[in-house]
Amino acid sequence: MDTEAEGQGNGSESALRVFVSYSRTDLKRARPVIDLLERAGVDVWWDGLLAGGETYLPTTEAALEGADCVVVLWSASSVDSNWVRDEAQSGRDRQRLVPLSLDGTMPPLGFRQFQMIDLTHWNGKPDAPEAEKVIQAVYGMSGAPTPPQSLPRVSIGAPRFTRRSLAIGGVALAGVAGLGAWRLGLLPGASAAKISMAVLPFANLSGDAEQRWFSDGLSNELRAVLARNPHLRVSAPTTSSALGESGGDDFAAARKLGVANILRGSVQLADMVVRVSCEVVQVSDGLVRWADSFDRQMDDVFALQTEIARTVALSLVAEMAGESEARDSLAQQHDVGGTTNVAAYEAYLRGQAFYDLSAGVDTDRAALAQFEAAIASDPRYAAAHAMRATMLAAVANAISGKEEIRRYYDEAIASAKRAIELAPDLARGHLALGYALANGHLDPKSALPYYEKARELAPGDADVQRSVAAFYAYGAKARLGAEIIADVLQLDPLNARAYRTAGYIAYLGRDFAQTISRMRQALELNPKLASSQSMIGNALYMRGDPAGALKAYREEPVEIFALTGAAIALGRLGKRAEAESAMAQLVGGYGDAALYQQAQVRAQWGEEVDALNLLERALAMNDPGMLLAPNDGLLDPLRSAPRFRKLLSTLAS
């Protein structure tokens with residue numbers, strides 16, 4: 001046995017043999033670590049022990065292979081050292097790696113499966129908490145007895161590294177190594193209701209910005225599958241994307257959102273081969289709880305997606321709830337309404353990319369075309385049918401021809417029903433059908449069971465829950481809608497649309513101060529968000545501030561809402577000619593597509609008969625604005641009229 005590798009510590013046959021790898025530029029900071037280990041009775045090898053003229057490589061290799069544990073000192077310098085990476089790889093491959101960070105630098109990808117101990121703020125003293133963690137990690141990773149009792153110690157519950165294998169479909173997956181810090185309160189314990197995480201948009205490494213739809217789509221699909229696991233609280237797509245695209249510190253942003261873990265990765269698509277690298281990182285201390293990379297043919301992408309989602313869920317849930325319950329939870333995160341057709345899947349992801357843009361009717365039509373292409377490739381692709389229904393309804397809301405609107409909504413209803421037929425547990429199918437029935441046929445009574453089913457099927461999907469909350473706010477369940485939207489804001493706190501929905505719900509609940517607050521929060525996230533300024537105007541107007549309302553209306557980017565508000569506020573301010581001019585522009589520009597808005601103006605001008613006539617026409621044309629009528633403060637002057645009560649009764653029947 002090589003004496004240089006053996007005889008430098010305390011000389012004991014039973015002493016642990018530890019190899020310390022570091023960059024020579026970090027020698028001054030490495031020496032306190034070496035001294036700490038030797039003081040703990042560890043037999044330390046480091047390259048300062050080489051005798052003059054001694055051959056470096058054979059001696060180093062012998063020490064490395066004979067070590068019980070490899071301690072790697074990561075720093076801004078060592079991450080770029082091929083020597084350090086090679087030595088770290090030896091420790092990793094033998095499951096004997098203990099990574100330390102001298103300056104807060106994270107280990108490079110591929111070396112994050114092990115708990116990293118940050119020594120940035122270590123004072124160099126052996127009785128400091130950081131020192132205790134190092135000693136416990138070294139002894140724990142080596143499988144040796146606890147350190148000598150004479151060693152000064154600071155008790156933190158004596159955590160030890162543990163590893164286990166989780167069987168996944170016959171494939172053994174190495175479990176995450178760690179100090180067990182989550183059992184000491186750094187993560188929610190087994191009693192916690194859910195494990196929180198955000199799935200960040202995967203980086204597109206394909207060298208072609210046009211391929212971003214695939215990397216974003218893959219991360220979104222993973223997010224959707226993981227969100228169905230009952231033990232996971234998965235941050236919603238908009239908030240996760242805001243995290244991933246912020247360009248800042250992922251961990252700081254994740255802490256702000258209150259998520260304990262992040263899933264991040266990269267995708268490289270070349271010809272028909274996809275390479276995916278990803279990792280689950282614990283936010284509290286940078287521990288990589290799971291990491292892997294995959295090279296697959298494109299037609300295997302569905303199996304790969306499932307494998308990643310299952311593995312991530314197991315690596316997180318098993319620590320909290322036990323392996324048995326973790327496996328049971330997988331049954332509830334199975335893919336619903338998916339496809340195994342590559343062309344259909346690609347078209348679906350492109351459609352989702354256009355849907356996410358939400359920049360107007362042109363992008364809505366582009367999304368619709370992609371979802372229809374997905375269905376053409378796989379007629380049984382339920383998720384594509386559901387999104388086709390969603391986009392048909394979106395286009396219907398943007399056009400003015402009565403017959404064309406009816407046709408689009410009828411097609412939306414048929415497509416949503418087909419989605420439910422193919423995949424009864426697909427929440428988006430039920431949501432799309434409920435929306436088309438409520439907005440296209442003004443039939444909230446028939447829509448209600450579909451919204452309720454969507455809510456039941458997707459408790460962790462913030463977008464679904466947001467739509468359900470808005471629907472409830474229209475009628476007698478406004479209080480429930482307010483409760484649901486409060487949960488949505490916890491799940492999706494960087495989503496401007498969520499705050500806008502919360503503002504609408506507050507308005508329909510007559511909480512005008514909250515309306516203004518929520519809409520301003522929405523505008524902070526998206527200054528051009530449609531209808532937010534007009535709702536601030538409505539709330540200010542209802543609070544007796546028509547001048548402030550007019551200012552907000554004039555900042556509203558959507559003309560139909562801006563003109564409606566201006567006509568109302570100017571009328572209250574006594575500027576009748578200007579109010580009449582705004583009303584004329586509204587009627588001339590939008591005609592029967594703005595019957596509900598015209599009724600709001602007439603009601604506020606005190607023209608009850610004309611307002612009721614307009615509402616009756618709006619009801620006959622299935623104007624979706626009528627859904628607001630039961631709780632819309634702008635129609636308050638009409639509430640005592642028998643004709644108005646009859647309208648509401650017809651709407652509810």
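Mentor: Let's start with A416, which counts as buried because its relative accessibility is 0% (buried is under 20% relative accessible area, exposed over 50%, partly exposed in between, with a 1.4 Å probe and protein chains only). This is a predicted model, where local features need pLDDT of at least 70 and side-chain atom pairs 80 or more, while totals for chains, interfaces and linings use all residues. Residues are numbered from 1 along each chain as its sequence is written, and side-chain values use heavy atoms, without hydrogens and water.

A416 sits in helix 14, residues 402-422 (helices are DSSP runs of H or I with at least four residues, strands of E with at least two, numbered from the N terminus). Beyond four places in sequence, A416 is in contact with A389, G429, A432 and L433 (contact means heavy atoms within 4.5 Å). L433 is 17 residues from A416 along the chain, yet their C-alpha atoms are 5.1 Å apart.

Now turn to helix 18, residues 478-491. Its 14 residues span 20 Å from first C-alpha to last, close to the expected 20 Å (1.5 Å times one less than the number of residues). Buried here are G481, I484, I485, V488, L489 and L491. They share one side of helix 18, because they cover an arc of only 150° around the axis (taken from the directions from the axis to the C-beta atoms). Among the elements covering these buried residues are strand 10 (232-234), helix 16 (444-457) and helix 19 (496-508). On the other side of helix 18, R479, D487 and Q490 are exposed.
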